[in-house]
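Here are a few notes for a colleague who is opening this structure for the first time. Please keep the sequence and the model side by side while reading the points below.

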Amino acid sequence: MDPETKIYMDDNITLLRQIECNQDILCLCYTETHDFLAAGMMDGAVQLYKLHQNGEKNQNTSEEKFVLRDTEIMQKQSPVTAVKHRPVRKSYPISRTVIATYANGCVKCWHYPTNQCLYTIRENRQVLGLAYHSYLPKFVTMGDDAKLIMYDEETKMQERVFHASESLEVMDGHKSRVFSACFRPKSAHELISGGWDNTIQFWDSRQPYALRRISGVHMCGDGLDISKNGKEILSCSWQRENSIQLWDYGSGKLLVSLMPDSYSSLLYCGKYVSSMFIACGGTDINLFRVVDLRSHATLAMIRNLRGGTYSLDIGPVNPKHAKKIRSISIVSQLAFCAGKRIYEIDAQPG
């Protein structure tokens with residue numbers, strides 16, 4: 001794309017922050033208390049950018065930052081494929097850690113205030129993503145070997161490897177790279193995953209093989225999510241047709257394919273922002289959008305970005321909306337990466 005191409009941004013978007021980085025960003029997340037944005041880079045560095053908490057607009061491209069990188073990463077650079085923090089719950093102390101996964105098979109837990117790597121897990125595969133359990137100290141990693149590996153975060157030990165059986169009669173697991181996974185909220189054992197084999201697989205942590213599947217969904221990034229009540233699945237897929245779809249979790253039946261406007265995109269990422277809104281982003285066209293699930297219309301969109309949107313995260317509610325916090329129409333601040341830039345926005349209904 002021409003570097004001078006003008007970015008198009010809807011009027012109801014406030015650009016809170018735009019950060020220019022020195023290389024392409026593959027993934028990002030807010031830290032637990034929303035005081036930093038952690039970005040995973042092509043060279044294996046995790047760069048953390050300090051965020052102002054006054055809710056004011058700040059578009060400065062020079063931001064306070066520091067880098068998480070140890071000797072192992074410096075000696076053998078490898079792209080960061082995911083960066084996540086443990087879900088915030090009253091029963092958990094704030095750990096001020098993030099876990100990053102790397103294409104060389106490393107899984108590293110970083111204590112970012114001290115720039116210290118607390119532990120490293122090494123897998124004999126490309127690790128392509130990570131998902132935390134919503135309330136138990138567990139996480140799964142996904143890889144290029146079509147498997148998911150679940151760990152106990154406290155012991156750092158493997159608990160389960162999810163994979164297809166050797167049966168030729170059924171497809172009870174993935175056949176290719178897995179990019180996305182999501183635990184079902186309020187369930188101790190259920191999770192789903194998606195990847196290159198055009199399926200969403202349903203798993204139970206008490207057994208290695210998938211229980212059932214949804215077909216026709218091609219995932220290339222962190223594009224799966226489950227609604228807070230556990231009843232609906234959101235899939236944001238890397239395909240020209242039906243890229244945004246909602247599914248019934250219990251039956252696996254398609255509820256609706258969303259076509260919010262004329263700008264289609266091959267989607268890499270997507271999440272529920274709330275019960276009323278979803279956010280997603282992708283490439284060709286390079287865009288980021290927020291969709292209203294009631295009207296199926298685009299609430300806010302940024303397009304003509306200088307790179308595909310590979311990752312997004314949900315931030316805090318802007319303080320200036322605090323008095324309206326009970327309104328179902330309030331949208332949290334959102335962050336996403338596109339090319340070498342990080343954007344943080346506030347998007348509200350007009």
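1. In this predicted model, Asn 318 is a buried residue, since its relative accessible area is 1%, and a residue counts as buried when that value is under 20%. Asn 318 sits in the loop that runs between β27 (309-314) and β28 (334-338), and its side chain forms a polar contact, at 3.2 Å, with the side chain of Gln 333.

2. Ser 235 belongs to strand β20, which covers residues 232-236, and Ser 235 is buried as well, with a relative accessible area of 0%. Its side chain makes a polar contact of 2.9 Å with the side chain of Trp 247. Once neighbours within four places in sequence are set aside, the residues in contact with Ser 235 include Ile 200, Val 217, Leu 224 and Ile 244, as well as Trp 247. Between Ser 235 and Asn 12 there are 25 Å from C-alpha to C-alpha, with a sequence separation of 223 residues.

3. The largest nonpolar core has 21 residues, and those touching the most other members are Phe 288, Val 290, Leu 334, Phe 336 and Ile 345. At least two residues of this core come from each of β2 (13-20), β24 (277-283), β25 (287-292), β26 (297-303), β27, β28 and β29 (341-347). Beyond its neighbours within four places in sequence, Phe 288 is in contact with residues including Ala 279, Met 301, Leu 312, Leu 334, Phe 336 and Ile 345.

4. A further core of 16 residues lies apart from that one, and among its members are Leu 68, Val 80, Tyr 102 and Cys 106.

Note on methods: Residues are numbered from 1 along each chain as its sequence is written. This is a predicted model: local features need pLDDT of at least 70, side-chain atom pairs count only at pLDDT 80 or more; totals for chains, interfaces and linings use all residues. Side-chain values use heavy atoms; hydrogens and water are left out. Helices (H or I, at least four residues) and strands (E, at least two) are DSSP runs, numbered from the N terminus. Buried means under 20% relative accessible area, exposed over 50%, partly exposed in between (1.4 Å probe, protein chains only). Contact means heavy atoms within 4.5 Å. A polar contact is a pair of N or O atoms within 3.5 Å; within protein, one must be able to donate a hydrogen and the other to accept it, and residues adjacent in sequence count only if both atoms are side-chain atoms. A nonpolar core is a set of buried Ala, Val, Leu, Ile, Met, Phe, Trp, Tyr and Cys residues joined through side-chain atoms within 4.5 Å.
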